[in-house]
Amino acid sequence: MGKVIAAVDLGGTNIRAALYSEDGGTLAQCALPTLAHEGLEPTLGRIFRAIEEVIREGEELIAIGLGAPGPLDPWKGIIFSAPNLPGWENVPLADILAERFGVPVFVNNDANVAALAEHRLGAGKGFSNIIYITVSTGIGGGIIAEGKLLLGAKGLAGEVGHIVVKPDGPPCGCGGRGCVEALASGPAIAREAIKRIKAGEKSSIPKFVEGPLEGLTAREVALAAIEGDALAQEIFREAGYYLGLSFVSLIHLFNPSRIIVGGGVAKVGKILLEPAEETVKELTMREFLEGFKIVPAALGDEAGLLGAYLLAKEGLYSSSSSHSSSHSSPSL
């Protein structure tokens with residue numbers, strides 16, 4: 001009977017689960033729709049089902065790792081709230097899963113979990129100080145300092161999307177204003193395109209949209225930008241500039257060797273990242289840039305699952321050699 005670890009990537013759209021051998025070999029994977037609008041209990045049921053689908057007879061489950069939207073308490077495994085998961089308020093997810101499956105459970109923010117994977121196995125391998133940033137529906141991040149995941153006093157560190165880069169800028173979902181998430185995320189890029197097209201600016205963007213203009217996403221803006229549309233390119237240049245401003249603050253605060261950029265919007269590549277790099281070169285103190293690079297994430301969609309596996313594996317062995325709670329987040 002082999003020892004195995006279950007990993008879960010809990011998203012607003014899909015719940016993905018995987019089973020790994022202790023040495024990281026993938027044994028099984030599955031994905032289920034989250035259907036978050038149905039509320040807490042049905043979503044919990046689908047998490048149970050996803051884990052049960054990957055567990056195989058004859059294997060000994062020794063731990064579960066899970067990456068979830070935050071904010072959350074990584075030591076107690078409590079989800080404080082999750083904008084994409086209606087009804088999730090102060091949910092003791094680690095306790096619920098530990099009771100169901102009878103093994104230690106480790107929960108952390110999804111961006112932190114992806115940062116862990118990129119550091120151990122991906123684009124940050126070999127560097128002690130890296131920052132992972134995901135540019136998608138939101139902008140999130142995870143910070144690895146001296147080889148360990150930086151959690152902060154309440155486990156909330158790494159919310160890079162809420163660095164203010166334009167104090168008089170648009171409102172953000174966090175309640176603030178001018179956050180980089182409100183200016184450079186996928187929805188922010190789409191909003192800017194819709195606003196400017198409705199104001200009469202000429203663009204080929206609408207030809208990429210099926211249905212009304214309001215259904216536009218960053219993907220269509222990217223397609224137009226790649227084809228050479230001037231407005232689309234300008235919108236991505238502005239988003240890249242604001243993203244770069246957030247990088248400048250992060251570089252001066254944490255002195256990383258790498259900023260690793262992942263997420264769906266970042267797949268557009270240099271159209272977004274070149275202006276970010278230019279901003280960094282222009283505004284960062286020279287000493288910080290020696291040996292520093294902005295690089296694309298290496299693990300793609302697998303970062304969440306691999307990170308959840310690593311969270312559980314490293315947490316299991318760090319807690320077995322200390323007096324940690326059975327479901328606390330390790331000092332990674």
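The model is predicted, so local features need pLDDT of at least 70 and side-chain atom pairs count only at pLDDT 80 or more, while totals for chains, interfaces and linings use all residues. Residues are numbered from 1 along each chain as its sequence is written, and side-chain values use heavy atoms, with hydrogens and water left out. Helices (H or I, at least four residues) and strands (E, at least two) are DSSP runs, numbered from the N terminus.

Two packed helices are described by the angle between their axes and the distance between the axes. Axes are lines fitted to C-alpha atoms, for helices over the stretch in contact, and angles run from 0 to 180 degrees between N-to-C directions. The axes of α7 and α8 come within 7 Å. They cross at roughly 45°. The crossing of α7 past α8 is right-handed, a term for a near helix turned clockwise from the far one by less than a right angle, with anticlockwise giving left-handed. On the α7 side, the contact (heavy atoms within 4.5 Å) includes Phe236, Leu243, Phe247 and Ile251. On the α8 side, Ile271, Leu272, Pro275 and Val280 are among the residues involved. By class, this contact has 14 nonpolar, 4 polar and 1 charged residues. Here Ala, Val, Leu, Ile, Met, Phe, Trp, Tyr, Cys and Pro count as nonpolar, Asp, Glu, Lys and Arg as charged, and the others, Gly among them, as polar.

Helix α7 (residues 230–254) also meets helix α5 (residues 186–198). Their axes come within 10 Å and cross at roughly 140°. That angle makes α5 oblique to α7. The crossing is right-handed. From α5, the residues in contact are Ile189, Glu192, Ala193, Arg196 and Ile197. Their partners in α7 are Leu231, Glu234, Ile235, Phe236, Glu238 and Ala239. This contact has 7 nonpolar, no polar and 4 charged residues.

The interior was examined next. A nonpolar core is a set of buried Ala, Val, Leu, Ile, Met, Phe, Trp, Tyr and Cys residues joined through side-chain atoms within 4.5 Å. Buried means under 20% relative accessible area, exposed over 50%, and partly exposed in between (1.4 Å probe, protein chains only). The largest nonpolar core has 48 residues. Ile133, Ile205, Phe236, Phe247 and Ile259 have the most contacts inside this core. The elements that give two or more residues to the core include β9 (130–135), β10 (139–145), α6 (218–226) and β12 (258–262). Helix α7 gives the largest share, 12 residues. Ile205 touches Ala193, Ile197, Leu216, Val221, Ala224, Asp229, Leu231 and Ala232, leaving aside neighbours within four places in sequence. A second, separate core has 35 residues, including Val4, Phe48, Val103 and Val107.

Leu44 lies in helix α1 (residues 40–54). With 4% relative accessibility, Leu44 counts as buried. Beyond four places in sequence, Leu44 touches Trp88, Leu93 and Ile96. Leu44 and Leu97 are 53 residues apart in sequence, yet their C-alpha atoms are 9.1 Å apart.

Two loop residues touch each other. Thr34 lies between β3 (26–33) and α1. Its relative accessibility is 0%, so Thr34 counts as buried. Gly12 is among the residues that Thr34 touches, together with Gly11, Thr13, Asn14, Ile15, Thr43, Arg46 and Leu85, not counting residues up to four places away in sequence. Gly12 lies in the loop between β1 (2–10) and β2 (14–21). Gly12 is partly exposed, with a relative accessible area of 33%. Under that sequence limit, Gly12 touches Thr34, Ala36, Asn84 and Leu85.

Glu146 has a positive phi of about 55° although it is not a glycine. Glu146 lies between β10 and β11 (148–149). At 63% relative accessibility, Glu146 counts as exposed. Asn255, also a residue other than glycine, has a positive phi near 50°. Asn255 is found in the loop between α7 and β12. At 46% relative accessibility, Asn255 counts as partly exposed.

Technical notes: Parallel < 35°, antiparallel > 145°, perpendicular 65-115°, else oblique.
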